[in-house]
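Work through the following exercises with the sequence and the structure side by side, trying each task before reading its solution.

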Protein chains: 2
Amino acid sequence: MTYKKDLEATGRFLMENDHFLVVNHVNPDGDATGSLLAMGHILQALGKTFILANEGPTPEKFLFIPLSEKIINLSEVELDQIFDRAIALDCGDFPRIGEAARLLSEDVQLLNIDHHPTNDLFGQVNLVRTDACATAEILYDLVKEMGLPLHTSLATALYMGLLTDTGGFRYSNTTAEVMHKAADLLNQGVSPSDVAERCLETITASYLKLLREVLPTLNMDFNDEAAFLTISLEAMEASQANREDMEGLVNYARNIEGVEVGILFKQVDVETVKVSLRSKKHIDVSAIAKALGGGGHAKAAGCTVKGNLDEVTQIVKNRLEQAWGNQ
Amino acid sequence: MTYKKDLEATGRFLMENDHFLVVNHVNPDGDATGSLLAMGHILQALGKTFILANEGPTPEKFLFIPLSEKIINLSEVELDQIFDRAIALDCGDFPRIGEAARLLSEDVQLLNIDHHPTNDLFGQVNLVRTDACATAEILYDLVKEMGLPLHTSLATALYMGLLTDTGGFRYSNTTAEVMHKAADLLNQGVSPSDVAERCLETITASYLKLLREVLPTLNMDFNDEAAFLTISLEAMEASQANREDMEGLVNYARNIEGVEVGILFKQVDVETVKVSLRSKKHIDVSAIAKALGGGGHAKAAGCTVKGNLDEVTQIVKNRLEQAWGNQ
């Protein structure tokens, strides 16, 4: 099937059915949440009823668009409905919907809308475009295909998805097409500064505390082309930081002028360390991560290694030395 | 004159003359540098000769586009030419061209291209559009008006201007029109991730050291709606930081969740403190800055106050208390 035919089939699925469970993936990000809200607005425009849900809390910063108040956290709320029509958004495979799975009937008709290259087409209807920058970009195409009006709330939800999944139009998935779509959304009254401020710029006090603990651990090696940061158990305790607070910290190492590889060591417990690796150009950090039981991409990878901080640091540095030698 | 007529007059000025001094403002930023390089490429396409110059060093991170190697730092290089045709880019008034002024003949014909609302039309030919997000946006319009080819180097220079002067498409000057133009530039082979990485994400080791010194000074007041950071003389000394390293530091205070006003106190000497004020929504920080002899906008302002750190902090807090009371 062509993408155009998939869009049409998706439109029919939405038109011909009535009550939907709409879910995104566990620990939702900006695209997952934007897509969930956008689908809510699409179904509302079609006069359908629906439940918006996901497993785990949605970060507060994404909850400023109408319908946000309707998102149900399935880890906290017990739903006593079973659905035979469901929509999975931004999930590369079925298990990514998490606890929502138990709300589906045995003969559920599932619509799968996603942009991950690894998507395994787990739905009865699949709308998957792997070169889209975000699931929200696919929903934009759907809105256009169905001829639905792009009111400000819907446009803002879609813009949030585009903005966050392109890293604020900074990643290589930022295409001319994405920019034209973003422009169209701005024309519907989206405030780019408001969305960027909320989604990309807001920081928490615990994040700042964590950063304060972590920066003094910076050390450089390999002729200052590698930079290392460490989050110890004590730093996590002192800052009361959470998972979200740690996101992006590794970039403080990677982004230093002249640095090729930035690495963050995060102590999980006294004998386990999570390692996040980022590179700029020529070092394939996924090879290092894979050799240590992890995975990822050439420029962003990760692994979890047994050992104390010193031991794991040495193990990773040895691998890094090989990687530099192998170039 | 209309903008269209100004574009035509600018085109004629470039076509009818031959050798130009092209300058931007002292301490050039991304838009100033992008505009300087873009004008170089425009003149090259027209078969003209030119000198690209500015007062003070251009930050290394902006110097990756062809013609960058031709930019002359007038603080270091003595030019023995006098020009009777000159182009000032991104300068709100004539003094902003700095030392370049002494290179102009008495009867110089000066073309002034700029987007600052305060521009006083100091040129013989003026191309000023105050609602443009960047001077580079005006140069984009000029390229289209003149029907010049948008090759990758020219497009990258223009994109650098749009990107940096909109804060990475995050400020309120990010319009649908800007996004459409950015899309067109991407179509000419600009790498959005490469430009963003170089211009927005690269940090220096001295910046990280300064951040490390500054974060522990964070303190909150006014029911945690105001956040304060301090750069002492000792912190500057310890980090060997420069002016650029301080840019944006105040946002670590302002961007904290729930904070309305973020303030950075920067010790200039033992009895002088520079104060940078940022707000999110309802506090007009320009009123505070003005009352203390400074200026700026409602959400971003600054002033320099006599006194030691404690005294100045108290003076500013008193003003802030009034501002909160006056709402």
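**Exercises on the interface**

**Exercise 1.** Find how many salt bridges the rule gives across the interface of chain B and chain A.

*Solution.* The rule, which asks for a side-chain nitrogen of Lys or Arg within 4 Å of a carboxyl oxygen of Asp or Glu, finds four salt bridges across the interface of chain B and chain A. One of the salt bridges joins B:Glu197 to A:Arg254, with the closest N and O atoms 2.7 Å apart. This is a predicted model, in which local features need pLDDT of at least 70 and side-chain atom pairs count only at pLDDT 80 or more, while totals for chains, interfaces and linings use all residues. Residues are numbered from 1 along each chain as its sequence is written, chains are lettered from A in the order in which they are written, and side-chain values use heavy atoms, with hydrogens and water left out.

**Exercise 2.** Determine how many residues are in contact and how much area is buried between chain B and chain A.

*Solution.* Begin with contact (heavy atoms within 4.5 Å): 39 residues of chain B touch 39 residues of chain A. Next, take buried area, the accessible area (1.4 Å probe) lost on putting two parts together, summed over both; here about 3700 Å² is buried, 61% of it on carbon and sulfur atoms. In chain B, the residues that lose the most area to chain A are B:Arg170, B:Met179 and B:Leu208, together 19% of what that side buries.

**Exercise 3.** Explain why the copies meet through the same surface.

*Solution.* Compare the two sides: 100% of the interface residues of chain B are also interface residues in chain A, so the copies meet through the same surface.
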